[in-house]
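Subject: Structure handover and findings

Hello,

Here is the structure I promised to pass on. My notes follow below it.

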Amino acid sequence: MRDEDILSFVKNRSDKVDKATGKLADETEKGALASQGNENTFEDFEPGSSILQNERPAPGSSKGNGPNGVSDEAFGIITTGMDPLEITESGARITGYITTSHRQKVRLGTYAIVPYGDEDLFTRIWKLQYLQEFAVDDATEIHSRRMLQSNTTDEVDYKFLAYLDPICILYEAKDKGGSLARRMSDRIPRPNTPIMPVTDKKKIQAGLNIPEEGIFMGHLSVGGELVRTHAVPPTVPYYLRNDYSMGDPLIFRHMLVCGSTGTGKTFLTKNILRQFMSEDNRYHLRGSEERKNPCLVIMDPQDEYSQLFEDNPQITDNDDFKFQAEKINFGACKNTRTFVGKVDGQGYTGRSRAEQIEFTIPFEMVRNNSWLIAPVGMTELQYVGVDLLLDDYFKKGGQHTYSGFMDFIDNDVTRDMYVESGKIHESSYDGIVRRVKNRSLARVFDQPARPINEILGQIFKPGQVSVFPTEYITNSRIRDIITLTLMSLIVDNKLNTSGEAAVKETPIILGLDEAHRYLAKAGGEHSRRLISKFADAARQGRKEGLGLFLITQDPQDIDETIFKQINTRIILNLSNDAAINSMKVKKEFEKRIPYLKKGQMIIQSPDNSDMVEIMGLSKCVVRHV
């Protein structure tokens, strides 16, 4: 080094002499740092700690909040380290880093909030990912043997990332008195913004568009675990809209409960149907401002729904408090009646303790419903022949009975008249006689009891539960005739302008178990007529006050014209691929269906809320054995 360079260097250093100490400025600074000890040094970082956490809350902040007012409950932060942060009209890429202390709490489907300050981004975790923190090849024999012998993996050695699906933005609507409202996600969160669990019940309900009151269905859950908040009780109830604020109550847009055998369909159905039978629940029909309680009519193939008449002795005071806090109706429906179809040679000896009323089906009803005696399997020519024979028989005077009709068609003179005139081919005529002349039909028509069409006023009463058990009937065809007769009575009188007042002027919820047996895809003229009739009822049910509540384990078999009219679908565990595919739910929910536990379900009701998972009650609100 040249001499002039050394002199120049010393001169520059001398310019920085501290006048108070006579030392160079650099030496003064070093002494100051040494005298401060550890005050300005970095804090030691401990695994599991988080920059979002602080054991010493700042003055004025709530307990457990960091110096920036961020709660210790934060899952982590929004990051741009792995992927760009973006939001578009067709989707979004929002990635969050989850701290080590919260990784066990995060699941696929977990709901979270990203605050903007004045608004909140309501999100759902749709993807979880681990990435290596350091460049290490762990796919080696040596590493795998070491880990198998002594797994010393540390969470801090990995990045745990959560990918967020923005559902909506929550904000306070000034035109609604400051209540929470939601809109589509149109803002991007800032990097390093905390990702918070949703602990406010109203924010969850607003974020998922769940009504704050209505018909209780269950509690919101994720992966079979209940979503909990800071409210009392901490669970989030899921309600079905049951008022006229946005049109007619959704029960009149029809409901479906589907699930494999043993998944709790009946248990769940009892809990839901009981909610409709409160004294305060009233509906009005079109053209009338008078509001009436609904009449619940249930076809009961397993003799289980008559237990709506009884309390559940297992309900405790604690259950009572929870039910009342969440507006859950429970307890016996004392206004329950059991209507028993009279069948020759068989009597009802079931478990119903409610008042029992016997009835019979008069053959007169077949006049306008020929399919009641026309079994599946007839050719179209045979169906035409049955209609022709019935028309001619009912034109005759006197009393019309099944035995009288058999005498009419099982007569050589009658046969020759129809065959020789060419009205009915002889093979078709003989086929009709063989199929219609059936011992089971003789056992159900015109029995010694009151005709069902004469007791409509007793069946269809506002606020009444009318149960029709069929388990005691061993013959499946007789069971079907009784069920189809009742269905026909309801539909015909609801759709007919001059229908019976008891049916026409009463809101009716028809609970139909094993719905696939009666509303299956058309397999003949008999099925097509019934399907066509119920399709019309499903379309007009909203204005006529008729709600269908279908229960089935084979939803894929229900006719598509009726299936399309069902707005609310409750999906329990299904293992049949055809059944799962028929529900047409989102892929992320479709994959969960075969793994749903008992009581766990997916709700698909686009006019009520986003698609969500819920858990039903662990106890039945009425007796269930």
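Is Arg-103 buried or exposed? Arg-103 is buried, with a relative accessible area of 4%. Buried means under 20% relative accessible area, exposed over 50%, and partly exposed in between, with a 1.4 Å probe and protein chains only.

First, the ground rules. This is a predicted model: local features need pLDDT of at least 70, side-chain atom pairs count only at pLDDT 80 or more, and totals for chains, interfaces and linings use all residues. Residues are numbered from 1 along each chain as its sequence is written, and side-chain values use heavy atoms, with hydrogens and water left out.

**Salt bridges**

The whole structure holds 33 salt bridges. The cut-off is a side-chain nitrogen of Lys or Arg within 4 Å of a carboxyl oxygen of Asp or Glu.

Arg-103 is in one of them: its partner is Glu-155, with the closest N and O atoms 2.7 Å apart. This pair links distant parts of the chain, 52 residues apart. Glu-155 sits in the loop between helix H3 (141–149) and strand S6 (158–173). Arg-103 sits in the loop between strand S3 (92–98) and strand S4 (111–115). Helices (H or I, at least four residues) and strands (E, at least two) are DSSP runs, numbered from the N terminus. Glu-155 is partly exposed, at 28% relative accessibility.

Arg-253 and Asp-607 also meet in a salt bridge, at 2.9 Å from N to O. They are 354 residues apart. Arg-253 lies in the loop between strands S11 (237–240) and S12 (255–258). Asp-607 lies in the loop between strands S22 (600–604) and S23 (612–615). Both ends are partly exposed: Arg-253 at 28%, Asp-607 at 32%.

A further bridge joins Glu-355 to Arg-337, with the closest N and O atoms 3.2 Å apart. Glu-355 is in strand S17 (residues 355–359) and Arg-337 in strand S16, so the pair ties together parts that are 18 residues apart in sequence. Glu-355 is partly exposed, at 44%. Arg-337 counts as buried, at 15%.

There is also a network of salt bridges, linking Asp-118, Glu-119, Arg-183, Asp-186 and Arg-187.

Glu-326 is in the loop between helix H6 (317–325) and strand S16 (336–341). Leaving aside neighbours within four places in sequence, Glu-326 is in contact (heavy atoms within 4.5 Å) with Lys-201, Phe-216, His-219, Pro-233, Thr-235, Pro-237 and Tyr-239.

**Rings**

The count of aromatic pairs is 21. Rings of Phe, Tyr and Trp (its six-membered ring) pair if their centres lie within 6.5 Å; planes under 30 degrees apart count as stacked, over 60 as edge-to-face and the rest as tilted. One aromatic cluster is made of Phe-363, Tyr-393, Phe-394, Tyr-402, Phe-405, Phe-408 and Phe-445.

Two charges lie over ring faces. Lys-127 is over Tyr-163, at 4.7 Å from the ring centre. Arg-187, from the salt-bridge network, is over Tyr-116, at 4.3 Å from the ring centre. The test is NZ of Lys or CZ of Arg within 6 Å of the ring centre and within 35 degrees of the ring normal.

S22 is mostly covered: five of its five residues are buried. Gln-600, Ile-602 and Gln-604 point one way, and Met-601 and Ile-603 the other. S21 and S22 run antiparallel, joined by three bridges. Strands pair if DSSP finds at least two bridges between them. Arg-569 has Gln-604 as its bridge partner in S22. S22 also pairs with S23, antiparallel, over four bridges. There, Gln-600 stands opposite Met-615.

Ile-571 lies in S21 (residues 568–571). Ile-571 is buried, at 0% relative accessible area. Among the residues that Ile-571 touches are Cys-258, Met-583, Gln-600, Ile-602 and Gln-604.

Gln-382 is in helix H7 (residues 380–395). Gln-382 is buried, at 9%. Not counting residues up to four places away in sequence, Gln-382 touches Ser-428, Gly-431, Ile-432 and Arg-435.

Best wishes
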